[in-house]
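Dear colleague,

I am handing over the structure below, and my notes on what was found in it follow directly after. Please read them with the coordinates open beside you.

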Amino acid sequence: MAVHPGDADADELPSVLWGLDPVFSAYSRLYITDILQMKESRQVPGAYFYKTHPIFRVDVLGTVVYKREREDFYCYGVDDSTGVINCLCWKDEKCSDQGGSTKCKDPNGSSRGFNIEDELKRLTEAEQKSTVLEIGDLLRVRGTVKTSRDAREISATSFYKVNDPVMGVHISRMLEMPQLYRKCYDQPFQKTGDDLGGTEAGGSSRFHYLLSRSVLTLKEFFLEKEVARFRPYDVEFLLHPLIQSSSAEQESDQPGTSFATQIRNLLKETLSVLQDEGQIFRKIRTQDEVYNVTEQDKDFHTAIKDVLREDTKREKFEKGCHVLHILSSMLEVALTFLECNSDIISSTEAHYTVL
């Protein structure tokens, strides 16, 4: 079928609906190879599509493999091990580096040395150093995707050098990316829209609205009642008014799904969101679904306090333990326990599998 001017491409979501996709307004953490291969929208130049998701802004982390400096900007080649992309990083107009000392322009346009407190000067110098990178440095860039001379590039809105001597940030990113793809980017947009009846666009919008309200409703219930654990059917009644009010407001000639199905789908998605946010978790996977509320889990609190109590006695942690150290310590204890119980086995160093 021919695509006429002003019409959406056959594979694209109409641009008027892009705002319903939260990916569009976020800085998407995509692999560079996917950024390079994204198709540009035929409706809106400068916008791109990763599968069904409209993409405008991206967030990349990678190693600088080449560098070019111009009067107004740096051009860094960033490699995340999947591909290399040009990143245009504009210099700060307020400050310039002259003669090895930091200068700043006053309102009249003339340059003068800093006369303010030394702390502010050191802060400014540190900020400036974080934006000047060399080959081999780790760079994080947030910006908009552009196509210039048939080459894909990123025009940075913010960028900085990442100090990561033990590769903690890099490893954390590598672990996070597959989950983002699996749970978000590879999931088709508007997948759950029809579960609440109505048109595809209207159903999706209504579902996301109900989902946000149901998540907030359960959070308030857990806080008010100090709920420590629950089963899905214990909180299902809280969602009834939401579905009922939505059904009353809906004006559609199309037949909708049953009330029970709408409740079940909404509750399932709500629990999934709460799990992703770390608000709830399941200690034991059984047919009888029992969820624990993280804030009210006494064993979890005790474990965190035990780690802090013991490790802050060491000189290395006299100023406190980093959150990654706490997570690592608790995870190590849990893995050791599971391995001793023969629930899991270490296949290689730092790798485990279920027996």
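Asp186 and Lys51 form a salt bridge in which the closest N and O atoms are 3.1 Å apart, the term being used for a side-chain nitrogen of Lys or Arg within 4 Å of a carboxyl oxygen of Asp or Glu. Because Asp186 lies in the loop between helix H4 (168–185) and helix H5 (200–225), while Lys51 lies in the loop between strand S3 (48–50) and strand S4 (53–55), the pair ties together parts that are 135 residues apart in sequence. Helices (H or I, at least four residues) and strands (E, at least two) are DSSP runs, numbered from the N terminus.

Please bear in mind that this is a predicted model, in which local features need pLDDT of at least 70 and side-chain atom pairs count only at pLDDT 80 or more, whereas totals for chains, interfaces and linings use all residues. Residues are numbered from 1 along each chain as its sequence is written, and side-chain values use heavy atoms, with hydrogens and water left out.

As to accessibility, Asp186 is partly exposed at 32% relative accessibility, and Lys51 is exposed, with a relative accessible area of 51%; buried here means under 20% relative accessible area, exposed over 50%, and partly exposed in between (1.4 Å probe, protein chains only).

The whole structure contains 15 salt bridges. Among them, Glu277 pairs with Lys219, the closest N and O atoms lying 2.9 Å apart. This pair links distant parts of the chain, with Glu277 in the loop between helix H8 (259–276) and strand S14 (280–281) and Lys219 in helix H5, 58 residues apart. Both residues are partly exposed, Glu277 at 43% relative accessibility and Lys219 at 29%.

A further salt bridge joins the side chains of Asp137 and Lys161 (3.9 Å, N to O). Here Asp137 is in the loop between helix H3 (118–129) and strand S11 (138–148), and Lys161 is in strand S12, 24 residues apart. Asp137 counts as buried at 17% relative accessibility, while Lys161 is partly exposed at 29%.

Beyond these pairs, a network of salt bridges links Arg29, Asp59, Arg140, Arg142, Arg173 and Glu176.

Strand S12 (residues 151–162) also holds Ser155, which is buried at 17% relative accessibility. Apart from its neighbours within four places in sequence, Ser155 is in contact (heavy atoms within 4.5 Å) with Leu88, Trp90, Arg142, Gly143, Thr144 and Lys146.
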